Every structure is written in structure tokens, then in C-alpha cells.
Amino acid sequence: MSLATHFSAFLFLFTLGIRRLFCCISNYLKNPSLYRSRTWYFAEPKWKNLDLYSLLIILPIASFSHVFLFLAFSGTNITYKFSFLQQSLVIFLFWVLLILIIIKESFDLYAILDSFVYCFAGVSFAVEFLMNGKGLVGLSGNVYGHLGELGLVCAGCCLCLAVNPCAFFVEFLFDSVLLLKGTWVLQVGLLLYTDFFNVKGCGNLLAALAKGKNDVKCDLDENKLRGIALMNLLFIVHVVVVMIMSLGFFALLNKSKRMRCGDTSGPLLAQVGSEGVLMRPLPELEIE
């Protein structure tokens, strides 16, 4: 793990959360009574789905990289070593999830229900929660623990959407948490893997791991306790800021129709007309 890894995760999670948030709010405001959550908001032309195609390429590379780190790790912390293998499994699960989504949407496969895709996503987030921050304790375990808690919230939202895909506020929460995961994973990288942003009286995680330790080195126990309290406060600030941003997006899109996300494609939305009603051909007698 490194700052570059956390920054890459921030870019994908933050942009994904923003896009989903704008699209789900736009579809809800268009016609709340016909709102239905989408596993992915595809856009036309296809180049606008560059984030999806990028993830399809990058995720398997990242999964293989974690396997390589597992094989190359020479430290004495065996638990932390196997965490690379566990993270590789988590990344692989999300890659399979994207493949399911793109196959379903590309070929209009009604056999692969949205509820199944959401259930698979829920399981993937639950596995992420179970394997997040393994081998780390103290201050570093605390900040990664918050990241795991966000994964658990995402898992719960996905399972709720599998049961009721029309629950707008569940998806609103899910997209907001994805946004929050992006900001917090960047915060974790800055706090644990740099000397400039670390807690006063404590070093960075890379230096500790090089010495076989599974936590950042603090000069005093008071520094560690103060650092944990500061991390909890920072996490609360992130939650408040992201929720204000999400509600601000809702108010902004509710006020301005021109800023809303364009029509998304897919087998379900293809049946919905511009007025939000199902467009079916009229019988010949009615036309006459």
C-alpha cells in the first residue's frame, strides 16, 4: 500500500460517487413515482462510460499487483503479508461485479436480475469490510476501521436495493457513502503514508512496517490516544461535509433542470418515454 494507491482509489470512488449521485437524483426528479435504481448509469455516446471501461482494465491489474506484493513481502508481520492476498480477492470480486453489469446491460439479459447484481455487490462490500485493515492495530487500525465501516454501510444499502430497487433514499445514501469512501481513503493515505500530514509525535506507517511493526510509531501513548481522537473527529467532519455536499447537489438539481444528468441507457429505461410513461404502440382500432 502507498499514497499512490490511495490516491488512485480516491479518483475512482469520488468520480463514481459524484456520477451516481447526479444520475440517481436526476432520474428521481424527472418522475419520482417511476424511479428505479440502476446498477450502473450508462450514458450515450459510449465514450462517456470511460470510467467503467477503465475499471475493467485497471482492477485485474491491481488484483495481480497485490498478489505480487504478497509474494515479494519479506517482513515479519505475517498477518499484514496475507492482507495483500485478501485485498487481491476483494478487488477481483468487484471486477467480476463490473463484468456482470456490463454483460447484463450490453445484451439486455433479463435472466440476470438487478436484485442478483445488487446481492453480489452487497457480498463484495461485506467481504471488503471483513478484510479491511487486517494486520494493523492502534492508530492505523482505527483509520482503516472507519473505511471498513463504510464498506459495511454500502453492503447494507446494496441488499436493501436488491429487495426494493425503488428506494431512492437508500441509493442516495449508497452514492453518498461511495463519495465518502473516496474522500476518506485519500485522508488515510495522507495521514499514514506521508510525514507532512501525520499526527504530531507519530511517524508514518511505511517506516513502522519496515521495522516489522503493525502500527505507526508514536513517541508517547498520549500521542497515540490523541491521534485516535483526532482521526475520529476528522471522520465525523468528512461525514458532515459529504452529506452537506449530497444535499446541496439535490437542491441544485431540483432548481436547475439543465444541470441534470442526461438520459441513461439500459433495457428498463429504453421503455420509458420523455414524459415518464411507458410508450407502447396503440391498437389499429384506436389509431383510427
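**Aromatic pairs and helix packing in a predicted model**

Let me begin with the rings: Y28, Y35, F168, F169, F172 and F250 are linked into a cluster by ring pairs, where rings of Phe, Tyr and Trp (its six-membered ring) pair if their centres lie within 6.5 Å. Residues are numbered from 1 along each chain as its sequence is written, and side-chain values use heavy atoms, with hydrogens and water left out.

Searching the whole structure gives 14 aromatic pairs. One of them joins F10 and F14, with 5.4 Å from centre to centre and 35° between the planes, and it is tilted; planes under 30 degrees apart count as stacked, over 60 as edge-to-face and the rest as tilted. Because F10 and F14 are four residues apart in helix 1 (residues 3–30), about one helical turn separates them. A word on that term: helices (H or I, at least four residues) are DSSP runs, numbered from the N terminus. Are F10 and F14 buried or partly exposed? F10 counts as buried at 17% relative accessibility, whereas F14, at 24%, counts as partly exposed; buried means under 20% relative accessible area, exposed over 50%, and partly exposed in between, with a 1.4 Å probe and protein chains only.

Another pair is formed by F94 and F125, which is edge-to-face, at 5.0 Å centre to centre and with 70° between the planes. Since F94 lies in helix 3 (residues 78–107) and F125 in helix 4, this pair ties together parts that are 31 residues apart in sequence. F94 counts as buried at 17% relative accessibility, and F125 is buried too, with a relative accessible area of 6%.

The axes of helix 4 (residues 114–131) and helix 5 (residues 138–163) come within 8 Å and cross at roughly 165°, where axes are lines fitted to C-alpha atoms, for helices over the stretch in contact, and angles run from 0 to 180 degrees between N-to-C directions. Helix 4 and helix 5 are therefore roughly antiparallel, a term for angles over 145 degrees, just as angles under 35 count as roughly parallel. Which residues of helix 4 meet helix 5? Among them are Y118, G122, F125 and F129, and the helix 5 side includes G148, L152, A155 and L159, contact meaning heavy atoms within 4.5 Å.

On the helix 5 side the contact includes H146 and L150, and on the helix 8 side M231 and F235; its residues divide into six nonpolar, five polar and no charged.

Terms used:
Predicted model: local features only at pLDDT ≥ 70, side-chain atom pairs only at ≥ 80, totals over all residues. Helix = DSSP H or I, 4+ residues; strand = E, 2+ residues; numbered from the N terminus. Parallel < 35°, antiparallel > 145°, perpendicular 65-115°, else oblique. Nonpolar A, V, L, I, M, F, W, Y, C, P; charged D, E, K, R; others polar.
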